[in-house]
Structure formats: structure tokens, C-alpha cells
Amino acid sequence: MINVLSSGAYFTGGTFVPLSEGAELYPVEEAKKKTISYGILSSHNTSPDMEELKIKFDAMASHDITYVGIIQTARASGLERFPLPYVLTNCHNSLCAVGGTINEDDHVFGLSAAKKYGGEFVPAHQAVIHSYMRERYAGSGKMILGSDSHTRYGAFGTMAIGEGGPELVKQLLNKTYDISYPRVVAVYLTGAPRPGVGPQDVALAIIGKTFTKGVVKNAVMEFFGPGVASLSMDYRCGIDVMTTETSCLSSVWATDETTRDYLTLLGRGGDYRRLMPGEGAYYDDVILVDLSLVEPMIALPFHPSNAYTIKQFKANMTDILAETEETARRQLGMDKVPSLLSKVKDGKFYVDQAVIAGCSGGTYQNLLRASEILKGSSIGSQSFWLSCYPGSMPIFQELTRQGAISDLMAAGASIRSCFCGPCFGAGDVPANGGFSIRHSTRNFPNREGSKPGNGQLSYVALMDARSIAATALNGGVLTSAFELDSIPEDKPDESYHYDDSAYKSRVYFGVGNPQPETELVFGPNITDWPAQIAMPENLMLTVASAIYDPVTTTDELIPSGETSSYRSNPLGLAEFALSRKDPAYVGRAKAIQKVEKQRQAGKSTAKVKEALDGCDPETTGLGSLVMALKPGDGSAREQAASCQRVLGGVANLAAEYATKRYRSNVVNWGMLPFIVDGLAELNIQPGDRLYIPGIKALLEGDGEEIEATLYQKEGEKTVTLRLPGMTREERDIVLAGCLINYYAKA
């Protein structure tokens, strides 16, 4: 099904030749230039050096839990107008259901900002951010930056990247996105999917094969091969958007007549260019995917990489479910978790809820297949229920014209608006102990909205819309689409009538037409970022949280769901930091911060003296740090780092960072992204202290290592802290205290 060739190879004559056999024919440095990725990156690079890129993007996009903070940061740094098309969508806090007026206050702010600075504003319920950007902006050879990790439009030949807000701020201030030239990994598709196999099945199979081994971490995945022609654009987009879960940097696909026809259907045929790798193109690694061998998949809690074929799962249910329960106990720190084994009756596994939604599930083709499977049937009146969320109003309108929405409704499915809520716990939260199958992007712990700290836990598994519909047809008994008597087929040319009249009626199109006289409209929850001080000469840091999970997600660092409503209020949101992972963190961090504020005020209190432990109060700053073995998987949300910073955080200690975007967020918010070899063996615990003399001098120079003293109950030890690959600009940002301070000094 999937084979990973973990070595460099040339693509020549329709096959891959290992580096050792082709180097004489194709010098590596020249062969790299023949990839699709090189062509796109070189055309957007403003640096003369292709090894150290400085990228300017064609367009950007943010949704309503990120754009307020981005615009506020840019505004504090001198923003006068949006220098590139910037789309503000409202697909996360669309329901305006939590926190009084604060959600709609953000929307009103966003519209006023789009008018003032010249942007595009998409009101709530019109479109999911990525569906909108596919329909309106993605095109061959383009680059798009978004403040959402699933910013992926590779199927159009667009290299799109999801990053934290500060990276978008840089673009708004006419700065560049700076990154070393990434590894490029070929994903070579052959064959064609069998009926019943959908894009989520292909995506989960790839994620399961690549994530744990880090095959494509921070790389660009380049899709091509004869199998591409067998896939519709919806199908390609469904695979592509899930590449985020491999931990890659971005993705791009070869383009063909299907791409051209789809862009023409969208009224943007001029955005098409044929993109194909050149003869002898060199790839750092190769992933071979035979689409004809992919089967219906299920990704069990608590990660998309925890993937099995549905056939495997059903054959080994008892063992797999017992293992999942044990993972829940261990990872969530719960002595007792709701039983999954109790959902097995007479050899069948009973599901409680199903959702087809968002940028991955809510496409025209996915929902049309679900409607065809369920037409004329009923999901039943027992505990199982199904919700369907079209990704955009044009998709919704066409499904309505085709009768598909009526068929889903008649079967008992709930039809919802164009909204991302189920993907992050702001809609369709299952009951305690509930098991939800979802064609959405993630199944991280608590992402569906449960709160283990309050004794709540529900489970999410990822599946494709076709098998979800088959399960619904079977009254909630887990069923593969392969088990259907009649399986509807996906066609590569499955286009539809695109009607953007809803956008023309509601979207504010202000790109390139700023109205500087417009006043920004501030709600009471919208506040400025608190001031941060520059890096002192030395640091005495206290561990406020220590996390030994193999991977820590951004959902665990700052929960999604109802907390999203407070993302326009940095201090208010910070109260939720690590609340579902380490509820004592905020109290610990604030206690340290209180003493640091006394030091800054020149007060020589007993607490200050105790914290400094003999160090000079004039030159030694106090702060907190978070230790995690591999932090930052998942969302691009900058708040996973900024919440630590506004609570007095100064550093992260990690064995490695799960994603480039989280490390960037740490740096942009003025924190030190330390790497520590053998970190797990140090047995660091909350309350331990780390003294780092000379840190300012290290950052002012170009050193990458510094010796620090770790104070623990058992005694003290010397620890080597590493800052590999920090650029001059990154050092200056941390020295200044954060990105806002850095630009204020410029």
C-alpha cells in the first residue's frame, strides 16, 4: 500500500534511481532545481541565497480566533495598510455562543480592520477558511500563508503554509518569512482508489506510515505520479489538507487538466499553470503510494497516526480498545476512564456520534457520497446521531440543488452551517464516554471539547465520510464502506455548478482599497498585548510545568473550544494555559511572575532575595519555563507560546520541537527555544530552578551552547543548553523581549 524509501533519489524515466546510482548523471544541486517545490520557492524568494530563503507570499488568511491578535500586533508595530491580499474569515467563533458579546465583538473589529487596511472579510457561516481560500485564491505556482495549521492548498499547485500569528505580522509589515531551504519528499501515486475508499482513508494511511518516524517533518511533500489523474480535485484536497498531521512544512501537487478545469469552473482559469517535476529531479526521500491497495481506515484516539484498516480494527477490537483505554489513563492522568470495551456487543462495535465537517470532510464530493449511501434510509432513533457541515455556501447551495441535503435530512442527519467548530471542541461535543467517528482533521485528547479535569472524557476516531455514512446506515454499528451492498463511485471529473452569489451578497471585498479614516471598533474583551522587558544579562528560571508525554500538542498547551473566545484578551486567555494538562501551571507561573515584578520595581523583598539566591538583582531576571519532551504538535496557534510569555515565561526546554511553527512562536514571543540532550533522564520537576549566566551575551554573539546550573531537591548539576540554528533576527527578537519590541526598536 505505502512504501517509504528513506534515502535520496532521482526521478528519471518514470522511476526513482537512488542517489548512489544517479549522482554522475545529475549533480544533486542542479537536480534539486527540477522539483516543483524549487520553482515555487525560488519565484517567491527575495534573498540571493536559495539555502536561506526570505519569502514574500501572494496572499494570507486568518480566522476569527487569530486575526484580532495579528492585527493588534501589526498595529502596535506601525501597520498602515495590508500590503497583500489578506482574508479574514469567521468560521471558528461563528456561533457567538460563549462569553457574552465577545465573539461578535471580534467580528465587528475584523470588518472595521478590513475596511481600514484594505482586506477581505467573510462573515460567519459563509465558509470554512480553507474552503474559501481554495475557491477564491489558490492557484498554480502561488504561495499562501495562513494563521491556521491546515493552510494547505497543494492540490492547486499552491505551496501554502500554516504559521503562528507573528509570521503573518511580518508579512503585513513588508518583512519576509525566513527559513532554510526545506527537504523535499516525493509522494508518488499509482493506481486508483477502489469504490468506498475516500481521501481520508488515503491520508490516514500516509500519516500512519510517516508521522512516528518523522519521515516528512518540516519537509515539503510533493505529490505526483500516474495515480493523480484518477483523483478529483475534492479528493486531492481531502488528502492534501491532512498532510499537516504528518508534521510536514507544506505540500504541493503536480497540476493537470483536472486542475485547469476546476479553476475554470471557479472562474479563475487564468490561475492555472502546468506543474510537473523535471527529468532527473532530486528528492530527499520518496513515499510510494499504490492507491488501489488502500482500504477504509480508522485512526483511534488520540492521534491521526494511530491508524488501522477498519478490517484490522474489527478483527482485533478487544486488544486495541483495551490499549486505547490504557493510553487515556496514562496520558490524561485519570485513574478511571469510560469503558470502550462496553461498546462491543455481540462482536459489533457501537458508535455514539458521527460528524462530517470542515476543510477535510465538508467537500461537495464527500457529502454527495454520504447522501447517496443514506438516500431512502434512516439512521434510526436510538443514541447514534450524525451531523454534516458543508465547507462553504457554494458547496451548500449545489448540494441543495442536487437534492443531497434533502436526502441527508430525510435520513435523520443534522445539517449545520459552514463552521469549523467540531474540529476543535466548539460544536457537537459528545457525551461523557461517547465515541465519535469524524471526517475532520484531528482526534487529539480533549480536542472534541471534553474536560478530563472535570471528570469528563469522550473519544474521537477519524474515518472517511463513506465509511461514516455506512456506519450511519447500520444504525451506529461501525461499518466499512467495503461492506455496503452497493458502493457509489468517485469520479476524477466530478465537478459541479459553482455559484458564488452568496459571497457576492455578503463578503466585503476591500483588497487594495484601504479606508484609513475608518475607526477600528473595539469590544471590551479586545485588549493590547502586555509589555515585555528585554532579555537581562542572566536568568534564574523556575520550572512551572514538566511534561513527559512523548508528544505535547498545542491543544494541551492552550485548550481550544470555549477558550477560543478569549483569544483577543491575552491575559484572560492565559488563565487557561495548560489547564487540561497541568492545572497548577498558571498558579505556579503567576507566583514567579509576581516576584519578578517586585525585582523590576527595585524592591528587595524576602521573596526576591530567596528567588535570586545570591544573584545580582540588577542583572539577573526571574521567570518561568515549561519543560516538555516534544512540544508543539498540531495547531499553528501562537497562543500556545504567548500565554506562557504573558505569565512570565522565558524559555522552553525540549528534547526536540514537534513543528517548526511552534518553535517560531516561542521565539517570536521572546522565549528561548532550548534543546537539551538526554532531557528525560534529568527528571526535572516543577519547582526546580535553572540558573543561566551570560545568556544575553550568548544571544548578542553567535554561540549555540551555554552551561547552566540545575537546582533540584537532590542537589545541583551542570546542564548544557543548546540553541541550534538561531538566526541573527531570532536572537534579536528574543533580546528585545518579543516581536513587538523588536519592531518598535527598528
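This is a predicted model: local features need pLDDT of at least 70, side-chain atom pairs count only at pLDDT 80 or more; totals for chains, interfaces and linings use all residues.

Trainee: Which residues of helix H16 are buried?
Mentor: In H16, residues 404-411, they are Ala404, Ile405, Leu408 and Ala411. Buried means under 20% relative accessible area, exposed means over 50%, and partly exposed lies in between, with a 1.4 Å probe and protein chains only.

Trainee: Where do they sit around the helix axis?
Mentor: They line one face of the helix, because seen down the axis of H16 they fall within an arc of 130°. The arc is that of the directions from the helix axis to the C-beta atoms. An α-helix has 3.6 residues a turn, so residues three or four places apart point the same way.

Trainee: What do the buried residues of H16 pack against?
Mentor: They pack against helices H14 (364-374) and H15 (393-402), and against strands S21 (385-388) and S22 (414-415). Contact means heavy atoms within 4.5 Å.

Trainee: Changing topic, how many aromatic pairs are there?
Mentor: The count comes to 25 aromatic pairs. Rings of Phe, Tyr and Trp (its six-membered ring) pair if their centres lie within 6.5 Å; planes under 30 degrees apart count as stacked, over 60 as edge-to-face and the rest as tilted. One of the pairs is Tyr188 with Phe224, which is edge-to-face at 5.5 Å centre to centre, with 75° between the planes.

Trainee: Why does that pair tie together parts that are apart in sequence?
Mentor: Tyr188 lies in strand S11 (residues 184-190) and Phe224 in strand S12 (residues 220-224), so the pair joins parts that are 36 residues apart in sequence. Tyr188 is buried at 12% relative accessibility, and Phe224 is buried at 2%. The two also belong to one aromatic cluster with Phe11, Phe16 and Tyr283.

Trainee: Which lysine lies over the face of Phe211?
Mentor: Lys630 does, at 5.7 Å from the ring centre. A charge sits over a ring if NZ of Lys or CZ of Arg is within 6 Å of the ring centre and within 35 degrees of the ring normal. Arg689 lies over the face of Tyr711, at 5.2 Å from the ring centre.

Trainee: And Glu519, is that buried or exposed?
Mentor: Glu519 counts as exposed, at 62% relative accessibility. Its place is in the loop between strand S25 (508-509) and strand S26 (538-547). The C-alpha atoms of Glu519 and Ser7 are separated by 56 Å, and these residues are 512 apart along the chain.

Trainee: Finally, how many helices and strands are in the chain?
Mentor: There are 27 helices and 34 strands in the chain. Of its 746 residues, 64% count as buried. Among contacts between residues at least 6 apart in sequence, 76% join residues at least 24 apart.

Conventions
Residues are numbered from 1 along each chain as its sequence is written. Side-chain values use heavy atoms; hydrogens and water are left out. Helices (H or I, at least four residues) and strands (E, at least two) are DSSP runs, numbered from the N terminus.
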